[in-house]
Amino acid sequence: MNKMSWPYTAGAFPTICRTEGLYLYDDANRAILDAAGGAVVTNVGHGRQRVANALGRAAETTSYVVPPFVTPSRQALVDTLAADWLSPTLTRAHFTSGGTEANEAAMKLALQYQQGIGEVQRTKLIGRSISYHGTTLATAAISGHPSRKRGLEQALPSYLSVPAPYPLRAPIGVNSVSLGQYYVDQMRDVILAEGPRTIAGFIAEPITGSSGGAIVPPDDYWPKVRALCDEFGLILILDEVMTGFGRTGTTFGYQHWPIEPDILVSGKGLAGGYAPLGGVFTNERVGAVIQESGFQVMFNTFGAHPAACAAAVEVLNILKEEGLVAEAAQKGAYLHAQLHAAFDEHPHVAEVRGRGLLAAIEVVADRSDLTQFDPELGMTSAIVNEGLERGVFYYAGGTGVVRDVVCLGPAFIVTTDQIDEMVSTLVASVDAAIAKLP
Ligand SMILES: Cc1ncc(COP(=O)(O)O)c(C=O)c1O
């Protein structure tokens, strides 16, 4: 069995036999409250019979077709997205089997678009210093996630990188009025140094996911980045794999600011964890150029899988019918209020951050000067393990310079009682992990 659980340590994780609402039940029928929705995925909660029925129906009627063929479930998904979810500027949809493939496709679309308009020198892409976009060589390479690149560094293709906003530790101070401008200026410097007409596009998460732990940029950041992309002809790709479909209290995370992407990438919450599915949505400008250029947008064999599309339609309809995006905003406000009440004076918590039902705390050795714990101590894993022992699952975050981050991202049906339990157990878990330090 040891080899069968590779690459994970046998016995290190529970065996989950049943899931319902916000709870996972292990092989001893012990309930675990899922404060993270898995990997911040299960937006409508577990055990939705109508999603299971839709999956079953699709498997019975159209188990599989090659992705270029249309199925009723895929058509229904496109119609639902256009009617209720996507900005009218996003007119083209391409479906993959998950977030990584969707980001990789988005990166390729940005490159193909530039080739299509004759900007043949534009072969570079920019990512950010704290980010995560996926597991393939290209998406890992453009990610600012050192721990997920270990052992690959010498082989990864090179991409440009600009500093991601990280207000807590901003060299010019968290309260600087020009903090957004500070990060935008650094991006401008990179573009100018490389030559604007060598760069095809920029990819970023509107609110940084687990790599940074729910880092919200200064308010002027995104409008200025959008303007910079327009000024220099860069395609703006927003990776909303984690933040999309309501997670941060708006339909998409970027909607906290007055901007629109050229390419929007989704995954995770699109099918709520009931099926593997990613979506890449482009504006007409990008889509039309690629189509007219005759460039192939190659499908993944399981892209737009009929059952996954059917599940996504039901998940999106549940979100709409139950008003769960507004619920994510309201419950998110409650979650943040409780986290602030619990941790604002805590000597080992530097910050509570996030938006809506995407939240994180950053744990430090000393709150007064933000000194971090030695990475060898593995504080994040220690806290997550303490949580699991107490029956609550949190999602480990942080990488490289950002560490000891614990993320929360529960399903939008979370109750205030469950939030209270998540927060009080997090306090106990942080305190227990610190108390056990050598
Ligand atoms: C922001 C972001 N982008 C991309 C991905 C990769 O998606 P997937 O794991 O579905 O391939 C993730 C997964 O955690 C993510 O959080």
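F95 is buried (under 20% relative accessible area, where exposed means over 50% and partly exposed in between, with a 1.4 Å probe and protein chains only), at 4% relative accessibility. The model is predicted: local features need pLDDT of at least 70, side-chain atom pairs count only at pLDDT 80 or more, and totals for chains, interfaces and linings use all residues. Residues are numbered from 1 along each chain as its sequence is written, and side-chain values use heavy atoms, leaving out hydrogens and water.

A search of the whole structure finds 10 aromatic pairs. Rings of Phe, Tyr and Trp (its six-membered ring) pair if their centres lie within 6.5 Å; planes under 30 degrees apart count as stacked, over 60 as edge-to-face and the rest as tilted. Two of the pairs are listed below.

| Pair | Centre to centre | Angle between planes | Class |
|---|---|---|---|
| F95 and F281 | 6.1 Å | 75° | edge-to-face |
| F245 and F252 | 4.9 Å | 65° | edge-to-face |

F95 belongs to strand β4 (residues 90-96) and F281 to strand β10 (residues 278-283), so their pair ties together parts that are 186 residues apart in sequence. Strands are DSSP runs (E, at least two residues), numbered from the N terminus. F281 is buried as well, at 0% relative accessibility.

In the other pair, F245 is buried with a relative accessible area of 1%, and F252 is buried with 0%. Ring pairs also link F245 and F252 with W85 and Y254 into a cluster.

Key: Helix = DSSP H or I, 4+ residues; strand = E, 2+ residues; numbered from the N terminus.
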